[in-house]
Amino acid sequence: MRISKFWAWFFFFLLWEVSALLVHNSLFLPNPRETLEALIHILQKGESYTFLLYSALRVLLGLGGALILGSLLGFISGMKKEIGILLMPLESLLKTVPVVSFIMLALLWLGSRGVPIFITFLMTMPIFWSAAEESVLKADVKLLEMMDVFKLSFRKKMKAFYLPWAKQYLLLAFRQSVGLAWKAAVAAEVLSFTPLSIGRKIQESKTFLETADLFAWTFLLLVLSYLLERLVGREAKEY
Amino acid sequence: MKLKNISFSKIIQDFSFETTARSLAILGPSGCGKTTLFRLLCGLEDFQGEVELPSFTAAFQEPRLIPWLRAKENLSIILGEKQAELWLEKVGLVEDGKKYPAELSGGMCQRLSLARALGAPGDLLLLDEPFSGIDLGRKDELKRLIRNKKKLLLITHDPEDALDLCDEILLVDGPPLKIVEYFRQTKGIEQQLEESLRRLIIKNKEVSHDTHNHQ
């Protein structure tokens, strides 16, 4: 039996509504209507947009830094095998260490404003790293040979070949990173109590037991993440 | 051009040859190791032995064009803007300069690849079966452009191309790659070359038939 996306979402909302009815306590599980009211309330307040904007900026800064440094490390690892092996422990460490450990460390090193940017950067950098490395390893050997025969300079090789070729890998990496970036950034905002942030609003909702607000902020977070992902998704193109 | 005791895996073993000819063809049946020799000369493989070559450019069996660059861009990254335009004109692709390789026919891509090799700086032109997919009229035009290049080393299985373009011809067989016969452009070379090539092909067929029967 085929189920369309619409019916999947409908089923999910129905399940939510029924569960909320059964729990019958908006402190533990607000129903969709209460969440919608909280959402409208949030959207009516001008300051909410400042929080959303600042959080989005932090995510973008972290992602941008990860894209630049991750690509650089990936290209180096792909082109120079020995350096790739030397850097392998760092890559594994970044991929496996729990995000909370990094948040705690970052709180000691940086102020609360810097933590979400740093954590987003740290969590998503390995994705760009792997993508850039893979693009180098999967590059067409015949074209590389051709460029060697014509003695193309490194700068020309990067511009004409490696960067356009890596673009599709990096765009895919970007799409994969967006969701993780938001999760990591907001977790860092909550734990570091970052001013002007969605994380702080989520933390406050918890403190004041306004669970519907928590649901509404989470919903906004999903929307922002989706929009950012779509923005990049349109650019993806295969050769 | 000088090759001394060249060895590479089992395909080329202790191969030596020296010539001062302006143009040399290495002619032989498919699979005898010609393309491997071409790769060694291009510096794409590590091998034992010595090679002395002037500065060179090359065109491969396949066009090897960068798919996301337009025809003209594929030339200009190697030749620069002005030369790219000039060579597009010389190989009859001016109107296709803005097309991507996927939008061109196989023959057009091959012409572009030849233009790239012909326009690039270098005293010697290395060509490996450069005319695949190119129609006869175009082929003559390209041969005229190739003859203008200072020096040429042509790898081919086609005696006509070898005779049209080269002063000297090495008939080879293998693997391992070995010289069967050496020819210099003289009167009546066509018949001699054809005869030798025919003998070589018959001999190879007999060998493969015997091997097949033994198996």
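Buried here means under 20% relative accessible area, and exposed means over 50%. The model is predicted.

**Stop one: helix 3 of chain B**

Select residues 81-90 of chain B, which form helix 3. Which residues of this helix are buried? Pick out Ala84(B), Trp87(B) and Leu88(B). Look down the axis next. These three cover an arc of only 105° around the axis, so they sit on the same side of helix 3 of chain B.

Now turn to the face directed away from that buried side. Lys82(B) and Glu89(B) are there, and they are exposed.

Then step past the end of the helix. Gly92(B) follows helix 3 of chain B, and its phi is positive, near 70°.

**Stop two: helices 7 and 8 of chain A**

Move to chain A. Select helix 7 (residues 141-149) and helix 8 (residues 154-192) of chain A. At what angle do their axes cross? The crossing is at roughly 165°, and the axes come within 12 Å. Angles over 145 degrees count as roughly antiparallel, so helix 7 of chain A is roughly antiparallel to helix 8 of chain A. The crossing of the two is right-handed.

Show side chains at the contact. From helix 7 of chain A, select Leu143(A), Leu144(A), Met147(A) and Asp148(A). They meet Lys157(A), Phe161(A) and Tyr162(A) of helix 8 of chain A. Colour this contact by residue class: five residues are nonpolar, none is polar and two are charged.

Conventions:
Residues numbered from 1 in each chain as written. Chains lettered and ligands numbered in written order. Predicted model: local features only at pLDDT ≥ 70, side-chain atom pairs only at ≥ 80, totals over all residues. Heavy atoms only, no water. Axes fitted to C-alpha atoms, helices over the stretch in contact; angles between N-to-C directions. Helix = DSSP H or I, 4+ residues; strand = E, 2+ residues; numbered from the N terminus. Parallel < 35°, antiparallel > 145°, perpendicular 65-115°, else oblique. Left-handed = near helix turned anticlockwise from the far one by under 90°. Contact = heavy atoms within 4.5 Å. Nonpolar A, V, L, I, M, F, W, Y, C, P; charged D, E, K, R; others polar. Buried < 20%, exposed > 50% of the residue type's maximum accessible area, 1.4 Å probe, protein only. Arc of directions from axis to C-beta.
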